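Please look through the sequence and the coordinates below before reading the report that follows.

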Amino acid sequence: MKKINCLKCSHFYVTHRQKFPYGCNAFGVISKITPYLEVRKISGTDCALFSIKEKNANIYNKKGRLA
């Protein structure tokens with residue numbers, strides 16, 4: 001059992017809710033703790049839908065200001 005980092009998952013997002021700041025699009029979960037821990041607490045197994053985020057390489061090749 002390895003610990004999965006939700007911040008590196010493509011399904012992870014941050015909500016606007018102050019009491020439930022983290023969410024997972026794959027499971028449809030919003031929670032106070034990271035969705036990986038919430039899924040593990042409920043099901044007892046590791047997250048089966050984890051997929052690594054793909055970084056947008058185009059922003060690194062542009063010249064000038066990004067903001």
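Which backbone oxygen does the side chain of T15 reach?

## The loop residue T15

In this predicted model, the side chain of T15 reaches the backbone oxygen of F20, at a distance of 2.4 Å. T15 belongs to the loop that runs between β1 (12-14) and β2 (22-24), and F20 is also among the residues with which T15 is in contact once neighbours within four places in sequence are left aside, the others being P21, Y22, G23 and I30.

Because its relative accessibility is 17%, and the cut-off for a buried residue is under 20%, T15 counts as buried.

## Helix α1 and what covers it

Helix α1, which spans residues 35-43, has four residues listed as buried, namely P35, Y36, E38 and V39. These residues lie on the same side of α1, because the arc they cover around the axis is only 165°. The cover over the buried residues of α1 includes the strands β1, β2 and β3 (29-31). After α1 comes G44, which has a positive phi, near 85°.

## The nonpolar core

The largest nonpolar core is made up of six residues, I4, C6, C9, F12, Y36 and C47, and Y36 is also one of the buried residues of α1. In soluble globular proteins, nonpolar side chains tend to be buried together.

How values were computed: Residues numbered from 1 in each chain as written. Predicted model: local features only at pLDDT ≥ 70, side-chain atom pairs only at ≥ 80, totals over all residues. Heavy atoms only, no water. Core = buried A, V, L, I, M, F, W, Y, C linked by side-chain atoms within 4.5 Å. Buried < 20%, exposed > 50% of the residue type's maximum accessible area, 1.4 Å probe, protein only. Helix = DSSP H or I, 4+ residues; strand = E, 2+ residues; numbered from the N terminus. Polar contact = N/O pair within 3.5 Å; in protein donor to acceptor, adjacent residues only side chain to side chain. Contact = heavy atoms within 4.5 Å. Arc of directions from axis to C-beta.
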